[in-house]
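Hi,

Here is the model I promised to pass on. Have a look at it first, and my notes follow below.

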Amino acid sequence: MEEKRADLLRAEGLSFSYGDRRVLHDVSFTLPQGEYLSIIGPNGSGKSTLFEILCGNARPERGQVIYKGRDVHTMDIRGRARHFAVIHQNEQVDFPYTCMEMVILGLHPHRARFERLGEEALYEVRRIMEKTDTLAFADKLITQLSGGERQRVALARALSQRPRILWMDEAMSDLDVSAKIQMIELLRNLTKEGLTVVGVNHDLNTAYRFSDRILALSHGSLYAMGAPDEVMNERLFEEVFGVRAEIYPGKGFFITGESVSRTAPAVF
Amino acid sequence: MERVRTKQNRPAADLSIRHYRYRKRRCFIIGGVLLAAIVLTLVAFVGMGAMRLGFLKTWGILWAKLTGNAVRLSAFAANEAAIVWDIRLPRILCGILVGMGLSVAGVIFQSLLRNPLADPYTLGVSTGAAFGASLAILMGLAAGIVLSTTAMAFLFAFLTLVLVIFIARRGGGIASSNLVISGIIVSAILSSGLSFLKMVAGEDVGAIVFWLMGSLSSKQWGDVAIVAPVVLIGSAVAIIFANDLNVMVLGEKSARNLGVNTGRIRMLYLILGSCITAACVAVSGVIGFVGLVIPHILRFWLTPDNRMLLPLSGLLGGLLLSAADNATRLLFTSEIPVGVLTTLIGGPFFIYVFVKRRGGQGVF
């Protein structure tokens, strides 16, 4: 990470609390274009809150998120949807859309009312479906798919939004190993083309193996941020997750047991 | 971005894209068929009854009236023209419009509440209308205060909606589940209010009960004038914003992330759906199952795309309710309320659809 890439997104002093409970405390960082960033942390560390604030779904109590010089929270919803696409963990839809129709819904922020979909747009959708390996069930109903297949359709829909940043909230937790690796490979290729990916990730091994950088949260504060090898060490496992781990640099790690002393909550 | 279309990737492309187009085109064709069927059955039904008139004769009278051609109209007997234009036509139009309105409102509520089993009455708007109408009937009988049943039904339907939204808001926002719960609460209170009114009415309870059963008999042009603008304009507005409604089906968060101002769209459709329902109930009483079954069947049979589903449901709903109403008018010696018939037919049919459906597959 020697070359300096232009910053696409900047978080400045983000704080948030539910009533008296502080869930996020003064989190700041910058995100260059084309990066794959994973947000990690144990349950209740503020991952989801941070995620929702970053992608514009929730307003921070203090601080701001700047995307290309604009405050994300004052951008209009439709305009933001042309730059950000968000995939949530298993989204439940009981209506019989075909997968292709579902992916076409991703064009919504770019389409005028009553605009007819031209040949070009349909081929573009098809190309995305080919890329995400969803073309095989393009004509099937979304209600008939398995969780993993549905998640790939959600990815295809997000990509058809033509986003600059793709936000993934636990989006790969329903996928089996091979589907997950396939999806990550795809995302890695997309980052080479300039897409920026930010994911909340519970699977620490994949986060370690495939992210450009890791953002570790502990008790609502930024614990560490940097390349996976710098951030994910024995100390982090001990202090943030309360477990002992054996690290095999460049490959991954094993959790070997519970930590003896878990650190006290960070003092606000 | 390369978009090379080589021979190898063409056939597969054509298949999925062709399937997509086919699903669209099928809707247009069926829409055309339904529209034609409505016009034809309208003329046919107007000609049927105690005084039978031929199809061409009926058409001639309607055409002369529509074009205002007095010379051509004078070719027909005055009583025939009066029966066609003043007695049968308004009732049949009411049937079509109410069927249309209930089905469109059904589509709206199902999409809005993300529940394919919701219907126009889920939020209690109909119970409000029933309460208002019963109050008007009772006041007329007991106190001699003449209030328009229709106006009171509409007013109370609207008040119910306002109350439901208010309670949902106080209870944490107008998300689907909050709206449904708040609708259940309000409608439970109103139904016991309704029972109270029935008790107070004593021997005159018959008038209220008959109204509640839902009927289109003796509807006049005044009723058409109430229901037509609300249903037609409401449906048109609903179709204009249907793209946003499509995205709402994905849920609040996903819809926002696709650029839909969910708060505004939700409020718009709540008001549209409720106004349409209120107008229908005010004119015809509570007619069951039309607003549940028709959107449900068309959605699983043809498409969940609201731009198509709204007009198609409207057309099929109009056609079927008017057919059912004319059946009650023509087949039975003493007219049974059409609301009873729709529920009698719609209920078992819906059981069939529901049981066969099994996780989104099956018949519809």
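G147(A) lies in helix α5 of chain A, residues 147-160; helices here are DSSP runs of H or I with at least four residues, strands are E runs of at least two, and both are numbered from the N terminus. Before going on: this is a predicted model, where local features need pLDDT of at least 70, side-chain atom pairs count only at pLDDT 80 or more, and totals for chains, interfaces and linings use all residues. Residues are numbered from 1 along each chain as its sequence is written, while chains are lettered from A and ligands numbered from 1 in the order in which they are written.

Back to G147(A): it counts as exposed because it has 12 C-beta neighbours inside 10 Å. (Buried means 20 or more other C-beta atoms within 10 Å of the residue's own, exposed 12 or fewer, partly exposed in between, with C-beta atoms placed from the backbone.) Leaving aside neighbours within four places in sequence, G147(A) is in contact with N90(A) and D174(A), contact being C-beta atoms, placed from the backbone, within 7 Å. N90(A) is 57 residues away from G147(A) in sequence, yet the C-alpha atoms are 7.1 Å apart.

D133(A), in the loop between α4 (119-131) and α5 of chain A, has a positive phi of about 65° without being a glycine. R162(A), in the loop between α5 and β7 of chain A, isn't a glycine either and has a positive phi of about 50°. Most residues other than glycine have a negative phi. D133(A) is partly exposed, with 16 other C-beta atoms within 10 Å, and R162(A) is partly exposed with 17.

Now the strands. β8(A), residues 196-200, is mostly covered, with five of its five residues buried. T196(A), V198(A) and V200(A) point one way, V197(A) and G199(A) the other. Which strands pair with β8(A) in the parallel sense? β3(A), residues 36-40, does so over four bridges, and β7(A), residues 165-169, runs parallel to β8(A) with five bridges; pairing takes at least two DSSP bridges between the strands. Y36(A) sits opposite V197(A), and W167(A) has V198(A) as its bridge partner. β7(A), helix α6(A) (177-192) and β8(A) also form a right-handed β-α-β unit, right-handed meaning that, with the strands pointing away from the viewer, the path from the first strand over the helix to the second runs clockwise.

There is also an open antiparallel sheet of four strands in chain A, in the order β2-β1-β4-β5. β2 (21-32) and β5 (70-71) of chain A are at its edges with a single partner strand each, so one side of each has no neighbour in the sheet. β1(A), residues 7-18, pairs with β2(A) over eight bridges, and L9(A) stands opposite L31(A).

As for records, an unreviewed UniProt entry lists residues 9-244 of chain A as "domain: ABC transporter"; positions use the numbering here, feature names are shortened, and annotations may be inferred rather than shown by experiment. That stretch is 34% helix and 27% strand, with its end C-alpha atoms 34 Å apart.

Finally, the contact between the chains takes 28 residues from chain A and 30 from chain B. On the chain B side, α1(B) gives the most, with six residues.

Cheers

Key
Contact = placed C-beta atoms within 7 Å.
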